[in-house]
Every structure is written in structure tokens, then in C-alpha cells.
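I opened the model today and kept notes as I went. The entries follow the order in which I looked things up.

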Amino acid sequence: MKLGVINVSDRASAGIYEDIPGKAAVALLQEWITTPFETAYAVIPDEQALIEEQLRKLCDEEQCSLVLTTGGTGPAVRDVTPEATEAVCDKMMPGFGELMRATSLQYVPTAILSRQTAGIRGSSLIINLPGKPKAIGECLEAVFPAVPYCIDLIDGPFIEVDPEKIKIFRPKQS
Amino acid sequence: MKLGVINVSDRASAGIYEDIPGKAAVALLQEWITTPFETAYAVIPDEQALIEEQLRKLCDEEQCSLVLTTGGTGPAVRDVTPEATEAVCDKMMPGFGELMRATSLQYVPTAILSRQTAGIRGSSLIINLPGKPKAIGECLEAVFPAVPYCIDLIDGPFIEVDPEKIKIFRPKQS
Amino acid sequence: MKLGVINVSDRASAGIYEDIPGKAAVALLQEWITTPFETAYAVIPDEQALIEEQLRKLCDEEQCSLVLTTGGTGPAVRDVTPEATEAVCDKMMPGFGELMRATSLQYVPTAILSRQTAGIRGSSLIINLPGKPKAIGECLEAVFPAVPYCIDLIDGPFIEVDPEKIKIFRPKQS
């Protein structure tokens, strides 16, 4: 199994900032998931064409079952991660963005400024996360309980987790 | 008055499964609505072109004021009911999907995997419901209080209900 | 600084109704914001082309940092304010509509019938509000705490408010 993380940040990709958000996302996956996995990782600038290219690469060539992006979800002119995500996805999953914003709203009223979304490309689930490490944990923890079952439904690998670290849920098959 | 229900399911349309979701949706309408109505009913496979055709038929030819679909709202490759709905609607109604997902989230964390939506085609309101009978009831009960007034606003018939069974709401006209 | 308000209403623009919603929105901005500002104001019918033209004028020529619309967000055939908004925006901000509907749902179940949204055009934030004065206040109060920071992020003026009247929030820069 391979999982992907893309830190979308002009400043991190230029080496001005340390790449904290991307590493925070990888650390959470490693803490929670017990099924062995490799990580595909990239730090790229806020350019829609580059984000799309990297998403296609991680989904199609690297066959990542889950691709997390960090950053680029706000209202600023360089924030284009949601647009890139929508451009490469077969199906959008609006419930992820809704729940992540509702969760972040418990902490900050500016949560509504995040345009983060999620979608399916082939057998990969792509989820946009915010750029701030604290918000990354809050958002990923909110939606992750549904992630393994989502990946089951798109014919991905069966993901197991450490139930002491995170609870997941798979409904009984009807 | 005519109301439509479409069960979208490869297995139910092939006779492998009993058609429980569609019948569950009809039973709720019959329990709640006191205005006399006929039901237009169909069980069809998860094919976007067929779903669109059936939605157009129930809205335009059969003149159903409300069309409920069941099933086909998840992330799997055959789940295309929301795409078919969006393709035939003049206007999308994002508040229905948001409230149905928020309601289902009280029961299961996988509620965010549902992409169910609603929209207007002419004088018909189309609402996507999930495929599991229990979830159908939870979701339809959550949004139904707004349905009769919505149908008023799109020049449909005046729908009355049994207030012992379901509460509806019509704001005072301004 | 200039702020814009557009009352979208066939009846108010024809002089049949008094222009209460637009004035209610202006009154809230004047009550809350202490940074001096001028108001650009219009009352226009529910015609998509006219709404788009007015939005472009207030954003591009008048350089309004914030443009509020009132009315035209429901399911009726003449309700086209969200479509006009989406047509002129560079980026959509789904969190505004989600939070405004969730807020209005605390008062009326028909809140899900509002299709109100928000988006960015250049350095302007456009927010759709409902048409009823009571709902205008409820919705604008819910999202306004995030508005000044949003306008910071799109290179607009630094907006200050009276903290006795409304609380706003700016996260510490990372």
C-alpha cells in the first residue's frame, strides 16, 4: 500500500519555510495506520498546473490509495488547491469539506474561509487539509473514521488502524 | 398530485435484491401526506443515462411534484445518482445534502461518504436519498419539513400532512 | 474604503415594496464597522444578467471590498442571485453558505431552501444574504467574524469594528 502527501506551499517549496505541515500529515498516518505502507511525498508551489500534475502522478503512477494535500485552500489569489483537486477528480465528496469546516469552526470563526474539499480519482481518495499543523490534526481526525471504508468502496486495500489511536467505522454490508 | 420514487440499484433492478429502499420511501410519503396522490415508481440500474432519462420522464411527462431517488450516492464507480440529478436540474439545492449528511453523522461517521444532493427541474423537486432503509427514514425526516413550502415556491400543489406523523413549516409571506 | 449592497428584488426595484432588506444590511455594516467607508447601493430586479453586471460594477469600477446581496436565493424560477454570483466570481467560498444555512436552521426548517453562497472576485468578497430582514441579521452576524480577515487575505483594506457590537477574529500569522 502506498499513501501520498503533498505540501502545497510557495514558501516551503522555496526553502523559506520548514516543511512542517506535510510532515505533520505523514506523522498522523504513521501513528494511526497499522497496515504497512510506503509514503510518496512532495513539496510544491501553489501553481494549479503543478498541483494537478502531482495529484495525477501520485494517483495513477504511484497508485496511492489516499493522497493528502496540505495548504492552498484559502481565499488568496495563490490558493488553488481545491481547484486543482476538482480538476483531476472523477467524483467530488462534499461531505469531507463540510465536516472539516464544521470541526474547525469549533476553534476559529475563520474556518469558513477554508475551501478544502475531497474527491475520488480512480482508486484514490484525495483530501485537502489546511496548512496549519494544529488544524491539520483537527481536520484529519474528524474525517479519518470514514476513510478506510471509503477506500474499500473504491477497490483499494483494506486499511487497519490502532484503535487506541483512532476509531474507524465500517458499516455491515447490506 | 403525483409523486415519484426511483430506486437506483444494479442488484434490485436485476431482481437479485428485493426492492426494499424504494418501497420504504413510498411508505413514508403515504404515512405523512394527507393530500391524495398517485405514485410513479421505477427500479433502474446505476447507469447515469438511464437515471437522467427516468428523472426527466417523472418530472416532465408524469409531472411529479417531488421525485425521491434511493441509492447510488456513494464514492464507488457505479454510484452516479448525484451526477444524473445535477445533469437534469435547473437549480441545485445544497442545503438538502448538507442537512442529510449532518443528520446521518449523528449515527455513523461514514455519513460523509454520501454525495446526495437535491435540485429543481421545472416544477419538480428532486431529492437523493441513501440506499439503506434506516438511513432513508433519517434523511427524509430531516428535510421533509421544508418540502411542502419548497413545492409551493416552484408552483406545485399545496401539500398537507398529518401533524401527528411529521411536522412541516411554511413561513408567513412577507 | 467602499462597501456595496445590492437588493435583488423584482418588487422592490419596481417600487411595489419598500427597500427594507438592502437598508437593513447597510445599517448592520454602519453599526459594526468603525473604519470609515462609503456605501455603493443598488436595487435591481431578479434578472441574472443585471445582477452580474451590477456585481462586476461594484467590484471592478467602484472597488468595493465587500459586496452584500439580499434576496433571490430560494428555489423559485426568478431566484438567480447565487447563479449570478458564481458567474462573476474567481473562487467560491462554500463555508459561508454552509454556516448561514446551519445558523438559519436554528430558527426555521425552511433554511435549507436558501441557496446563498459567497465568493471572491479580484479583491472583493461577495456574500449572498436572504431577503427577510430578520434572517439577514442572523446570517450576516454568523459569518461576519471571518470577513475582515478574508478581506486582508485578498489584499483589501484593514477593517476595524466596534467590539461591543460584533466580535471579529484574525489568526496570528504563521
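Entry 1, conventions. I am working with a predicted model, in which local features need pLDDT of at least 70 and side-chain atom pairs count only at pLDDT 80 or more, while totals for chains, interfaces and linings use all residues. Residues are numbered from 1 along each chain as its sequence is written, and chains are lettered from A and ligands numbered from 1 in the order in which they are written.

I superposed copies by least squares on the C-alpha atoms of residues with pLDDT of at least 70 in both. Of the contact residues of chain A, 7% recur in chain C, so I noted that the copies use different surfaces. I then took chain C onto chain B, which again needs a rotation of 120° and 0.0 Å of shift along the axis, with RMSD 0.0 Å. In chain C the C-alpha nearest the axis belongs to Glu98(C), 4.3 Å away.

I counted two residues as in contact if their C-beta atoms, placed from the backbone, lie within 7 Å. Between chain A and chain C, the contact takes 15 residues from chain A and 18 residues from chain C. I sorted residues into nonpolar (Ala, Val, Leu, Ile, Met, Phe, Trp, Tyr, Cys and Pro), charged (Asp, Glu, Lys and Arg) and polar (the others, Gly among them). The side of chain A that touches chain C has seven nonpolar, four polar and four charged residues.

Helices (H or I, at least four residues) and strands (E, at least two) are DSSP runs, numbered from the N terminus, and two strands pair if DSSP finds at least two bridges between them. In chain A, six strands make an open sheet of order 2-1-3-6-5-4 with mixed pairing. Strand 2 (38–44) and strand 4 (91–92) of chain A are at the edges with a single partner strand each, so one side of each has no neighbour in the sheet. I checked one pair: strand 5 (118–121) and strand 6 (124–129) of chain A are antiparallel over four bridges. In that pair Ala118(A) stands opposite Ile127(A) of strand 6.

Axes are lines fitted to C-alpha atoms, for helices over the stretch in contact, and angles run from 0 to 180 degrees between N-to-C directions. Helix 2 (20–32) of chain A lies across strands 1, 2, 3 and 6 of chain A and runs at about 155° to strand 1. Helix 3 (48–61) of chain A lies across strands 1, 2, 3, 5 and 6 of chain A, at about 170° to strand 2.

Entry 6, chain C. I read the strand order 2-1-3-6-5-4 and mixed pairing for the open sheet of six strands in chain C. Strand 1 (2–8) and strand 3 (66–70) of chain C pair in the parallel sense over five bridges. Leu3(C) has Leu66(C) as its bridge partner in strand 3. Helix 4 (81–88) of chain C packs on the sheet, touching strands 1, 3, 4, 5 and 6 of chain C, and its direction makes about 170° with that of strand 6.

A residue is buried if 20 or more other C-beta atoms lie within 10 Å of its own, exposed if 12 or fewer, and partly exposed in between, with C-beta atoms placed from the backbone. Which residues of helix 6 (133–143) of chain B are buried? They are Ala135(B), Ile136(B), Cys139(B), Leu140(B) and Val143(B). Seen down the axis of helix 6 of chain B, the buried residues fall within an arc of 120°, so they line one face of the helix. The arc is that of the directions from the helix axis to the C-beta atoms. Their cover includes helix 2, strand 3, helix 5 (94–105), strand 6 and helix 7 (147–153) of chain B.

Gln63(B) is not a glycine, yet has a positive phi of about 55°. I located Gln63(B) in the loop between helix 3 and strand 3 of chain B. Gln63(B) is partly exposed, with 16 other C-beta atoms within 10 Å. Asp155(B), not a glycine either, has a positive phi of about 65°. Asp155(B) lies in the segment after helix 7 of chain B, and with 11 C-beta neighbours inside 10 Å it counts as exposed.
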